[in-house]
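The sequence and the structure come first.

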Amino acid sequence: MATPRKLRCTVSEILDHGDRVYTLRLKPEFPAPRFTAGQFLHLAIDPYDPSAFWPDSRVFSVASPPDQRDGLEILYSVVGRFTSRMEAELRVGSEVWAKLPYGEFVVAALPGTEAALLAGGTGVSAFTAFLRGYAACGGDDGSRVHLFYGARHPGLLLFRGLLQRLALARPTLRATFFAESGAAPGQGVEPGRLSLAAAWSALQRPAAATYYLSGPPAMIRGLGAELAARGIPPERIRVDAWD
């Protein structure tokens, strides 16, 4: 695993998705260290002085692919003090600091196995880099990957177009979308919250699948408890916890 490095970055783009959900694109002063899909970075808004401690920071999954080391992308929803500061203070051209890579939340899609990726809100960012790489491999090696992704309304299903294209590129990848409100017929979005019952019925061998959870803590706690109640052992319930 690569040794974490600290990078001065410039905010190159901010995408406002509404409902206080944003995509933040960063241009590092030099190429980011190698990282693996599913890993995360620490983001600091305040200046970093190498002779002092690392400033206050928050972790975010890296949504951009590992081979795109000259640009980093993260998603965030305004929840709490730090992300409120991001919303209020960051503009295109702002300078921030990132240190990466961290984490061992790595999705495994091995031949003969089935992986269920359950994402809520901006938690989908933990999976986007993996899904890009999985779709690019093409073919059918016997693995199966199914993404179940829920958001408050269809407009907050970030990357939906990309994810649909990836699923078309590799038939062993499927994506199912859920929206708590605003889902209309013909959108390809299931009405209601992402639920384990819906995921369970869509999988080929749900009792044998490995489950990857990324999203709000309440969602992770609820789905984790349901998986345990259905007899899924802890080693097949992988969690990317954040708040």
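A charge is said to sit over a ring if NZ of Lys or CZ of Arg is within 6 Å of the ring centre and within 35 degrees of the ring normal. The model is predicted, so local features need pLDDT of at least 70 and side-chain atom pairs count only at pLDDT 80 or more, whereas totals for chains, interfaces and linings use all residues. Residues are numbered from 1 along each chain as its sequence is written, and side-chain values use heavy atoms, with hydrogens and water left out.

**Charges over rings**

Two arginines meet the rule for a charge over a ring, as listed here.

| Charged residue | Ring | Distance to ring centre |
|---|---|---|
| Arg 170 | Tyr 134 | 3.9 Å |
| Arg 230 | Trp 200 | 4.7 Å |

**The sheet**

Helices (H or I, at least four residues) and strands (E, at least two) are DSSP runs, numbered from the N terminus. Two strands pair if DSSP finds at least two bridges between them. Six strands form an open sheet in the order 4-3-6-1-2-5, and their pairing is antiparallel. Strand 4 (57-61) and strand 5 (72-77) are at the edges with a single partner strand each, so one side of each has no neighbour in the sheet. From one strand to the next the twist averages 40°, where axes are lines fitted to C-alpha atoms (for helices over the stretch in contact) and angles run from 0 to 180 degrees between N-to-C directions.

Strand 3 (residues 40-44) and strand 6 (residues 95-102) run antiparallel and are joined by four bridges. Within strand 6, Lys 99 is the residue opposite His 42. Strand 2 is joined to strand 5 by six bridges, also antiparallel, with Val 21 opposite Ser 77.

A residue is buried under 20% relative accessible area, exposed over 50% and partly exposed in between (1.4 Å probe, protein chains only). Six of the six residues of strand 5 are buried, so this strand is largely enclosed by the rest of the structure. Leu 72, Ile 74 and Tyr 76 cover one side, and Glu 73, Leu 75 and Ser 77 the other; all are buried.

Helix 1 (residues 81-89) lies across strands 2, 3, 4 and 5, at about 85° to strand 4.

**Aromatic pairs**

Rings of Phe, Tyr and Trp (its six-membered ring) pair if their centres lie within 6.5 Å; planes under 30 degrees apart count as stacked, over 60 as edge-to-face and the rest as tilted. The count comes to 10 aromatic pairs. One of them is the tilted pair of Tyr 48 and Trp 54, at 5.2 Å centre to centre and 55° between the planes. Both Tyr 48 and Trp 54 are buried. Phe 105 and Phe 127 have ring centres 5.7 Å apart and planes at 45°, so this pair is tilted. Phe 105 is in the loop between strand 6 and strand 7 (114-120) and Phe 127 is in helix 2 (residues 125-137), 22 residues apart. Phe 105 and Phe 127 are both buried. Tyr 22, Phe 60 and Tyr 76 make up one aromatic cluster.

**Nonpolar cores**

A nonpolar core is a set of buried Ala, Val, Leu, Ile, Met, Phe, Trp, Tyr and Cys residues joined through side-chain atoms within 4.5 Å. The largest core has 35 residues, and those touching the most other members include Leu 117, Phe 127 and Leu 163. Helix 2 gives the largest share of this core, seven residues. A second, separate core of 23 residues includes Ala 32, Leu 41, Leu 90 and Val 96.

Technical notes. Contact = heavy atoms within 4.5 Å.
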